[in-house]
Amino acid sequence: MGLPALEFSDCCLDSPHFRETLKSHEAELDKTNKFIKELIKDGKSLISALKNLSSAKRKFADSLNEFKFQCIGDAETDDEMCIAKSLQEFATVLRNLEDERIRMIENASDVLITPLEKFRKEQIGAAKEAKKKYDKETEKYYGVLEKHLNLSSKKKESQLQEADSQLDVVRQHFYEVSLEYVFKVQEVQERKMFEFVEPLLAFLQGLFTFYHHGYELAKDFSDFKMQLTISIQNTRNRFEGTRSEVESLMKKMKENPLEHKTISPYTMEGYLYVQEKRHFGTSWVKHYCTYERDSKQITMVPFDQKSGGKGQGEDESVTLKSCIRRKTDSIEKRFCFDVEAVDKPGVITMQALSEEDRRLWMEAMDGREPVYNSNKDSQTEGTAQLDIIGFNIIKKCIHAVETRGINEQGLYRIVGVNSRVQKLLSILMDPKTASETETDICAEWEIKTITSALKTYLRMLPGPLMMYQFQRSFIKAAKLENQESRVSEIHSLVHRLPEKNRQMLQLLMNHLANVAKNHKQNLMTVANLGVVFGPTLLRPQEETVAAIMDIKFQNIVIEILIENHEKIFNTMPDMPLTNAQLHLSRKKSSDSKPPSCSERPLTLFHAMQSTEKQEQRNSIINSSLESVISSNANSILNSSSSLQPNMNSSDPELDVLKPTRPSSLPPNPSPTSPLSPSWPMFSAPSSPMPTSSTSSDSSPIRPEEAVHEDSSTPFRKAKALYACKAEHDSELSFTAGTVFDNVHPSQEPGWLEGTLNGKTGLIPENYVEFL
């Protein structure tokens, strides 16, 4: 595991976990600084002491071999792994040079010593100065905070308001200094990956030039040198993109930190001062407290930043019984409230950091303070859709690029003028002309404007083309060590995308493959195209530092799709997902928050006027009612002739009956197959639905909403093709040939819901066929 990412949102919270994570980053910087100083010392000895060349080179090589890079995140890209092992490769080369007794070293000071000293002084030195400033502001802020909290509530209101204002100024300054320090620490950690290794590479290149007997060794090293150079350049390119994203996020956090808080597993958490009785009276001890509403557990950890960490006393956890606000005239301290615990006698008096902080704690603990619902849905839906208009727009852009500008340098990387891009998009999205497939984009539009319009349209979709719900799965696939495993997993995930998303992705990847074929002219290699389209097609739902660090893996996913587009889109995956994989996918899905509109598969239809929608809905209702009547009649006939085996999850024969699953899916699904695009997408309401200005008619109908919007969805019978043993209480166990009733789509991707022997549960959709 590498170093955990430092989230900007934690700067405001300033939790013990944040402080520990920050310490680990500081320790890594100190370690790097010491190593660079030692490396510089060894290099100078190597240059000045030709008589001791052998021993100096051995020591230098040993130092390189012992140092290990620590990357941010839980996985490394191939480029980062290449860079990480580069020091060991360098050490091997130096040992081989020593064996050959090569003695000539020139110009090492310029190519090695100066860049390392510059990096240590300008980057690590700047980080140390930022740390001093941060420590100073920490002491100042928490000192002012304690003085502020010790103000008597009997002072004049004007004095209290003035004190509150002064505290807000100090708090804001401390928060800004904290953000800048975290940004600098992470910048140095990322920058060392190339600014530290690059001088070493240049130094070794100089050795090859001036050593007569190093020619053969240089030839052997050339392959790795080329790979490392590419890895460094790729890492530098990713760093530039990542740095701009992180800096943008930091600016957003400065402007409005409350809208970018990290999702916490606790209902409420933060610092509280707890009143404790002592022999000489009472004292207020600072604690970091967490509260979980479901279990009503309050955990209190004594912690004081000014003393350098955890304070005296043990962690304490109690079960909440009641929470009551303390009246101002009943205690000298401000912002106080009393907590009664089930498993601890007496009353625990706590002091919040402000009136607003007390209100939030009271609200979380169901106290007397009124409940405010501060959540707001800021989800906005784009105007772009995966409909006929959307496909026409993308096809027109691709046609224009491939016929007029496939060889332009910097294709897709160089952006067009925003006003021109918006004007072109408005023309392309005009309903009057958008459906005309024969009309090409006029030659007056520059290629960079057309490519920017294509990327902008993809970003305007309600959700990313490769969907929020699969984003983590794609990233996880890119982190697999084996390239073949990466391709196989991504191949499987692509075929789980909705049909329209997959068609659009195939159209785009075929085009990008054509662009990459002309990389000698347009300079857009597969790696460069991955950098451009990764954040667009696989953007995360939440903008965090950890998500930004995963951009490099998004790029790898796009590279794999481009390089293997014929296999991925023209063939079915080797094997369907196993029950365990589907269970894991569903478990991850259930652990996350309920999906928003942007997480659902993209819409397949045009937005229509309400009258047109009502007419179409009525026609769908009529056709669906007919299918219900027909389906019910068939169900009655089938139920009299079919026998269902008596099945339960504890059957000892399940392991024996579970056969090997097929190596591929049927190439042409039957009309009743769950993979068939003819699966009924709308329910048949028992009565027409009224329209209103606040109804969902203002947005396009989505497939999932259509399937589940009414309880009268046509249920169908299905027969099991293979045996399956349940791995979760919500799943059904069955043998091959089992017949299910009331089978219909589930909200879980890759699963159906059905009834067996009166029990309703989940069924893998690839395991059944409809009757």
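Predicted model: local features only at pLDDT ≥ 70, side-chain atom pairs only at ≥ 80, totals over all residues.
Colleague: Why are α7 and α9 called roughly antiparallel?

Modeller: The axes of helix α7 (residues 157–195) and helix α9 (residues 215–255) cross at roughly 175° and come within 10 Å. Axes are lines fitted to C-alpha atoms, for helices over the stretch in contact, and angles run from 0 to 180 degrees between N-to-C directions. Angles under 35 degrees count as roughly parallel, over 145 as roughly antiparallel, 65 to 115 as roughly perpendicular and the rest as oblique. The pair α7 and α9 is therefore roughly antiparallel.

Colleague: Which classes of residue make up the contact of α7 with α9?

Modeller: The contact has 10 nonpolar, 2 polar and 8 charged residues. Here contact means heavy atoms within 4.5 Å; Ala, Val, Leu, Ile, Met, Phe, Trp, Tyr, Cys and Pro count as nonpolar, Asp, Glu, Lys and Arg as charged, and the others, Gly among them, as polar.

Colleague: How do α12 and α14 pack?

Modeller: Helix α12 (residues 418–428) and helix α14 (residues 447–460) pack at about 70°, with axes 9 Å apart. They are therefore roughly perpendicular to each other. Among the residues that meet are L424 and L425 in α12 and I450 and A453 in α14. The contact of α12 with α14 divides into 7 nonpolar, 4 polar and 1 charged.

Colleague: What makes K717 and D741 a salt bridge?

Modeller: Their side chains meet at 2.3 Å, N to O, and a salt bridge is a side-chain nitrogen of Lys or Arg within 4 Å of a carboxyl oxygen of Asp or Glu. K717 lies in strand β8 (residues 716–720) and D741 in strand β9 (residues 739–745), 24 residues apart.

Colleague: Is K717 buried or exposed?

Modeller: At 10% relative accessibility, K717 counts as buried; buried means under 20% relative accessible area, exposed over 50%, partly exposed in between (1.4 Å probe, protein chains only). D741, at 24%, counts as partly exposed.

Colleague: How do you know that K131 and E26 form a salt bridge?

Modeller: Their closest N and O atoms are 3.4 Å apart. K131 is in helix α6 (residues 108–149) and E26 in helix α2 (residues 16–48), so the pair ties together parts 105 residues apart in sequence. K131 is partly exposed at 29%, whereas E26 is buried at 12%.

Colleague: What separates E363 and R359 in helix α10?

Modeller: E363 and R359 are 4 residues apart in helix α10 (residues 355–364), about one helical turn. They meet in a salt bridge of 3.0 Å, N to O, and E363 and R359 are buried.

Colleague: How many salt bridges does the rule give?

Modeller: The count comes to 27 salt bridges. A network of salt bridges links K184, E187, R191, E195, R243 and E247.

Technical notes. Residues numbered from 1 in each chain as written. Heavy atoms only, no water. Helix = DSSP H or I, 4+ residues; strand = E, 2+ residues; numbered from the N terminus.
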